[in-house]
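Hi everyone, thanks for making the time.

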Amino acid sequence: MSTTADPGDPLATLAGLPGVADSVDSVRKAVDRVYGHRIMRRRSNELTSEAALRGARGSAALSGAEWALEEVRRRTDFSVEGEARTVGAALRLTAESGQLLSIWRQSPLRVLARLHLVAAADADEAAGRPRLAGELVDEPLVELALPDADEVAGRLEGLSQLVIAGSSAPALVMAAVVHGELLSLRPFGSHNGLVARAAERIVLVGSGLDPKSICPAEAGHAEQGRAAYVAALDGYASGTPEGMAAWIAHCGKAVELGVRESTAVCEALQRGAA
């Protein structure tokens with residue numbers, strides 16, 4: 001990050017930016033509402049599965065594979081090239097992220113390496129390691145200046161220490177910073193957007209904000225559109241208080257839209273059970 005902050009807890013400084021507290025409060029209320037839905041008491045596993053599918057579909061859409069939800073649901077040929085491989089990577093990451101929650105706070109860099117390995121599968125000989133000097137990055141959505149390998153290594157280490165140290169800041173702030181930093185750095189040769197959004201999911205679930213993983217922020221990011229996503233990321237990369245606050249608000253809105261998706265699923269399940 002490139003914003004001035006209290007060295008003891010830099011995320012707490014971000015939490016105090018204008019408008020961030022309102023975003024945090026709005027997200028918490030939205031999450032509480034869906035967790036209080038009567039369907040959650042009986043069919044939370046179904047909601048988790050559906051949210052995973054919708055989240056993967058949204059993440060893939062932001063990486064250029066804009067498939068309809070029913071297409072994602074029915075297809076099985078995710079090992080072929082092109083968009084199908086992107087959708088397959090998103091689905092694998094969504095499944096894998098739930099297995100990495102206990103490792104994240106102790107070894108976030110290990111988790112990121114695992115996420116990239118899962119996303120790339122056998123398509124990248126550099127899978128699972130940060131890029132080296134001179135290696136290219138395939139991330140067409142993001143047009144920010146690409147940090148060099150030394151800067152990437154240093155900032156990844158800083159992000160790791162931030163996660164390990166923990167923070168008094170709300171989960172939304174930590175999730176937004178992890179997401180924004182990874183997407184700005186693009187530490188891997190490919191699949192950086194998918195990995196960044198999976199890491200955001202890990203923070204939101206592991207923090208206890210969304211313990212059952214039923215609020216797919218990835219779907220919300222996709223619903224806001226690629227142009228809005230890129231514009232908000234530019235704000236994060238600027239390091240200005242206004243830009244950082246706008247990015248956090250964008251991520252908060254994504255969670256709220258994810259909540260709306262799951263609320264609609266709850267309502268559909270309730271109608272079916274009536």
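So, the chain has 13 helices and zero strands, where helices are DSSP runs of H or I with at least four residues, strands are runs of E with at least two, and numbering starts at the N terminus. Before I go on: this is a predicted model, where local features need pLDDT of at least 70, side-chain atom pairs count only at pLDDT 80 or more, and totals for chains, interfaces and linings use all residues. Residues are numbered from 1 along each chain as its sequence is written, and side-chain values use heavy atoms, with hydrogens and water left out.

Along its principal axes, the C-alpha trace spans about 60 × 45 × 35 Å. Of the 274 residues, 51% are buried, meaning under 20% relative accessible area with a 1.4 Å probe, protein chains only.

Now look at one helix pair. H5 is residues 83-97, H10 is residues 192-206, and they pack at about 25° with their axes 10 Å apart. Those axes are lines fitted to C-alpha atoms over the stretch in contact, and angles run from 0 to 180 degrees between N-to-C directions. The two helices are therefore roughly parallel, the word for angles under 35 degrees.

Which residues of H5 and H10 meet? On the H5 side it's Thr86, Ala89, Ala90, Leu93, Thr94 and Ser97, and on the H10 side Leu194, Val195, Ala198, Arg201 and Ile202, with contact meaning heavy atoms within 4.5 Å.

Terms used. Angles under 35 degrees count as roughly parallel, over 145 as roughly antiparallel, 65 to 115 as roughly perpendicular and the rest as oblique. Buried means under 20% relative accessible area, exposed over 50%, partly exposed in between (1.4 Å probe, protein chains only).
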